[in-house]
Amino acid sequence: MTHVQTSKPLLPTPVAQARASHNPNTTTLIPQKPMRFIPAAERAEKIAKGLCYFCDQPFERGHKCATKGKQLFLVEVSDEVGEVMEEVGDEQEPFMEEMEPQISMNAMCGNTGFQTMRINGHVGKKTIHILIDSGSTHNFLDVNSAKKLGCKLEPLAEQPVTIAGGNKLPCHYVCKGFRWWLHGTEFKSDVYLLPLGSCDLVLGVQWLSTLGIIKWDFKKLKMEYMQGSRKFTLRGIRSGKVQLMSQETLPKALRHAAQLFMIQWLPAVEDSCLALESSLPIKVPAPLQYILEEYWDVFQDSPSLPPARGHFDHKIPLKEGTSPISLRPYRYPLKQKDIIEQLVQEMFSKGIIQLSSSPFASPVVLVGKKDGLWRLCVDYRELNRHTVKDKFPIPVIEELLDELAGSTVYSKIDLKSGYHQVRMSEEDIAKTAFKTHFGHFEFLVMPFGLTNAPATFQSLMNHVFRRFLRKFVLVFFDNILVYSKSSILSM
């Protein structure tokens, strides 16, 4: 056995204290308490009883010694390798308890990286998915899996768990003495509860350290360790490159999956038949065919601008003192520039926009539509901030639905590009100017995005259908609903 010894006394002598008190340039030495010697047997006893080395109180997470002041302890160290290894093993569990739990990003996302390996284990008769992760310090159990397994949860003073980037994830429960089986061997450990989602159990260094010497081949996903005289081999699950999933299991997978790379829609037999039928000529009933032929011009694109309607032409009244608003265009990818040029050219060909030299200029943005095409929208937010708001009452959906009481027959009409059927007031055309990467243009019809555009359009629609409103017609912007209690309308 070896002992730590010093060649000089640790405590100052009375003569030295007297000299120090009379010498102003000398720092006064504070008397220290005698050293406390802790032999190996006493240390082992304290570890077994779960007591603190310093104050002999029960050692728990966040424990602070009641002893005040500084102390110096002399620890007895053995020269024999076997005894040193045994004591290190005894200290390992308290060391893990003191460390703040950490979980890797691979464990949170369920990725199989160079520090992880996925295997199957069992709790009773139920199979659980386990992720062995050397990047996590402790063991973690998924909250939903713990409820399904019927684990007994104990509340925990909010324990922060560190994840990638230094962020903290609160942990409120712990399951003590959680048991699971691997290859016929039962393991038991305390596990923290977190919403993992990608697996049921994460085994970190807290569990790996109990296996002793481990031989781990990450390429082959193979791990070997010894338990007594038996050799155990764990083989990781290799995930396929593509995982096929049916339509029935897709909603559940989307709720729990960490990543989704691609969805390929394959039509079923019925869908294929419908697609074949849709490609055939549509047979229109004779009465409807007569109406389509009589009013053929209604279903055609207008070759000219809509007529000027005076009061119903859209105006943009600005607040007093507002100067012309001009913003530079946004930066677009090369592909979007081609789309913007195409859409602007289409509007220019239809005559709804023209070249502009206006002092106003707003940027444009592309918005995706449900059919996969693009819509060109002008960002009029800055112009709208300086516009006097219209007070025209917008219909309330609930009140419109009340009007349908007792009706049984419905016909719905949806106007195509309804806003573009309203002219801009001559004096306000310059305010609609927008700037692109290849030119400056302005609208001759009412564009989307203006703050008072809905009120102007609803006002016009109410005026056109004023004789029929609340009798058999309801209008909500560009949606027209014709309803009746029978198949015969009465004027």
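Leaving aside its neighbours within four places in sequence, which residues is I353 in contact with?

## Around I353

I353 is in contact with V344, M347, F348, F434, F441, E442, F443 and L444, leaving aside its neighbours within four places in sequence. Contact means heavy atoms within 4.5 Å.

## Basis of the model

This is a predicted model: local features need pLDDT of at least 70, side-chain atom pairs count only at pLDDT 80 or more, and totals for chains, interfaces and linings use all residues. Residues are numbered from 1 along each chain as its sequence is written, and side-chain values use heavy atoms, with hydrogens and water left out.

## The sheet and its helix

Three strands form an open sheet in the order β13-β18-β17, with antiparallel pairing. β13 (353-355) and β17 (434-436) are the edge strands; each has a single partner strand, so one side of each lacks a neighbour in the sheet. From one strand to the next, the twist averages 35°. Strands (E, at least two residues) and helices (H or I, at least four) are DSSP runs, numbered from the N terminus. Two strands pair if DSSP finds at least two bridges between them.

β13 and β18 (residues 439-443) run antiparallel and are joined by three bridges. Q354 has E442 of β18 as its bridge partner. Helix α10 (residues 334-350) lies across β13, β17 and β18, at about 100° to β13. Angles run from 0 to 180 degrees between N-to-C directions, with axes fitted to C-alpha atoms, for helices over the stretch in contact.

## The core

The largest nonpolar core has 42 residues; I353, L376, F434, F443 and V473 touch the most other members. α10 gives the most to this core, with five residues.

Key: A nonpolar core is a set of buried Ala, Val, Leu, Ile, Met, Phe, Trp, Tyr and Cys residues joined through side-chain atoms within 4.5 Å. Buried means under 20% relative accessible area, exposed over 50%, partly exposed in between (1.4 Å probe, protein chains only).
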